[in-house]
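Work through the exercises below with the sequence and the 3D view open. Try each task before reading its solution.

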Amino acid sequence: MHKNRFRAPMMLMMDTGMITEEGALEAAVKDIAEHGFDAVCMEFRNCILSESDPLGRNAMERVCAAAEANGIDAVKTIPAQMTDCMRKDPTIRRRISKACHARVTDGYFRADLPAAKGKAVKIIKAFFTDGAVKDVTNQINCRFELDAQPYMQGLYQEDGTLLIYVEFETDEIDYAYEGIKTCVERHISLYDGLTLSGFALDEFGAGTKLEHVYHTGEWFLNRFYKEFGYSFQDVIYKMDAPAPGAAKVRHDYYYLTYLLTYEFQKTVRDSFERQFGKEIFIGFHNTWWGEGNSGDLWAGNIGYFGLTKALSGGFVDAQYDAQRTMLSMTLLSESLAKYSDTGIAYNMCWDRFPTHEKMDYYHRYLAMRNVRWIGHGYGRTGIFGPGYPHHSTWEDTKICTMRERKMQAFYNGAVSKPKAAFLYLWEGLSYFNDSSIHFHRLGMKALLEKVQLAGIELDVICRLDEDTAGYDVLFLSWPAMLPQGMMEKVEQLAEMGKQIIFLGTPVFCDTAGNDLSKRFETLTGCKAGERIAYAQDYEYAANDLWFTKHKIPMQMFPLAPKSAETVAEINGTVCGVKKGSVSFYSFEAALTETFDSILGMLKINQNPFVKDGVLSKLAYGDGFEIFCLCGIWSKKITGTFPFKGHEFQVDKADFVGIKVYDSGAVTIAAPANCTVFVDGEKITPNIIV
């Protein structure tokens, strides 16, 4: 095992042909090492073989030996579905349920079965919904017809509407299974004797990954009752019900799926560390539902900060397709890294059609932010990537890895110390649980990009504690449901005069179901009405919402100011107010021009050099400060600015890193053809990037 490495792996997609072709794996590892990657991550993909097959085992041994021969590490992707466990115990199979509406006429009903992944097996619950909802599961007589167009038909004594939850059996694992630790240890034993320096769980989540589909297997239901003291199946209809009275059920459900994701990842980590030691790489990202979609709520991995505790850094996924996704997810990775054991940030960025221009710009940007790249992917990836080495940008990766490695040494542990923070509140998404929640992610990504373009340092945080006192500005987006005790902390910050900006929704309740609406009215000086459609233009990136091709209307809440002043108005409807240091914009303001005025009123400083077409980062190390700049796309950096007692002049550079020690000494990291003057004296960059 090679300790203290840069350790940013390239994923090696081992298909059947690569494994059976003599020398192919060895050549691939050598090629990956020669392009600057110091680790290779093995994954069986498009392959009839696996870890448990002799040929699959031999393939892993060959890769490990080749990695050792080329002086790099070997990492293994752990498959989330352990099919051998399901063969030994069929009860481990995940069961999910989806609602079906059936109309009873003359005591008879017929309805098509809802579409869901798996085989329909039974009715888990049935409710009569005309008037007060009542459980009629034991009062209906129903059977399935599983022909080309599956449907159900049956009898019920009263005409009206039935809400029937049909259960499906899947070929996936129920991660609430009490014997999951044994399954993990059995699987990890397949790697006995290999020289591995880490593992990855790629795009893993214990949720269903499907909208309005819910776990109802025996293991999950037992765990739910143990955690919360009531039966989930008895209130499952509340998952799709209007928010009041249902929000706590939804929070409890999604919290459990997130908890199961964490427990599985931590179980794998503990087992792996016992076998291979603690100095290992543990990835990948949990932001897997596209590179920026609130569907992570359904997938059981929306609690990114908690999940980071099971990983060896802050991990995200992003695509070169959109600058907003790249900039926002990269900043998120840095924030997640501050909650991790190592403080290291990773971005597994890629797209299906990378270009030289994308590789140049985005990897200069990653180097400027001191974020490591996980390459994706080497081999016959099909639609999932460019398929290195058979792509014109493969040679570009040498420059990318070299630049990022040198900037890692340049930063030498320096981190940003922003005065502004974005409070990430996944709990609020479960209040509504409808398509509108995707505006939380769209708005968050827009905000994280726009503060960077404005030269404002910002942390994404997940809690309010003693460290929060260091922030002068706090954004709270989608605060519909706050964690217990957080409202008191927000009120205390407001009393201290901190600048607090609520975005998207009012505060309605906390995760225990306690009503907070009156306290929010007092804090903001306004009363919120029922939500309506936002009636003006706003930014909408449809490609960020993978689950639909249709535009989802953005919503807002009409506000009635009581003791607040109006700061935003749409067609005569108040949608933004300010009371003291507290502002409330009842729509995703970051997706509109309104955000420009919000940035203008922030009581915090911008970075020393703010100019259109230039991104920057300010970081603090032990006895030094760093200021880095990166030109957007082909934009060159030209200008003069002060930094820590010196005046710097940069001429036509696309990348510049400046380190000033407390002693006054200066170090420059820049391309060889870059011209930098310090206090009027021309400096030759001593690090070539």
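**Exercise 1.** At what angle do helix 10 and helix 14 pack, and how far apart are their axes?

Some ground rules come before the solution. This is a predicted model: local features need pLDDT of at least 70, side-chain atom pairs count only at pLDDT 80 or more, and totals for chains, interfaces and linings use all residues. Residues are numbered from 1 along each chain as its sequence is written, and side-chain values use heavy atoms, with hydrogens and water left out.

*Solution.* Step 1: take the elements. Helices (H or I, at least four residues) and strands (E, at least two) are DSSP runs, numbered from the N terminus. Helix 14 covers residues 438-453.

Step 1: The angle is about 85°, and the axes are 8 Å apart.

Step 2: classify. Helix 10 is therefore roughly perpendicular to helix 14 (65 to 115 degrees; under 35 is roughly parallel, over 145 roughly antiparallel, the rest oblique).

Step 3: list the contact (heavy atoms within 4.5 Å).

Step 4: sort by class. The contact has eight nonpolar, four polar and four charged residues. Ala, Val, Leu, Ile, Met, Phe, Trp, Tyr, Cys and Pro count as nonpolar, Asp, Glu, Lys and Arg as charged, and the others, Gly among them, as polar.

**Exercise 2.** Describe how helix 5 (residues 180-188) and helix 7 (residues 247-276) cross.

*Solution.* Step 1: their axes come within 10 Å and cross at roughly 40°. Step 2: the two helices are therefore oblique to each other.

Step 1: find the partners. Ile180, Lys181, Val184, Glu185 and Ile188 of helix 5 meet residues of helix 7, among them Phe264, Val268 and Phe272. Step 4: count the classes.

Technical notes. Axes fitted to C-alpha atoms, helices over the stretch in contact; angles between N-to-C directions.
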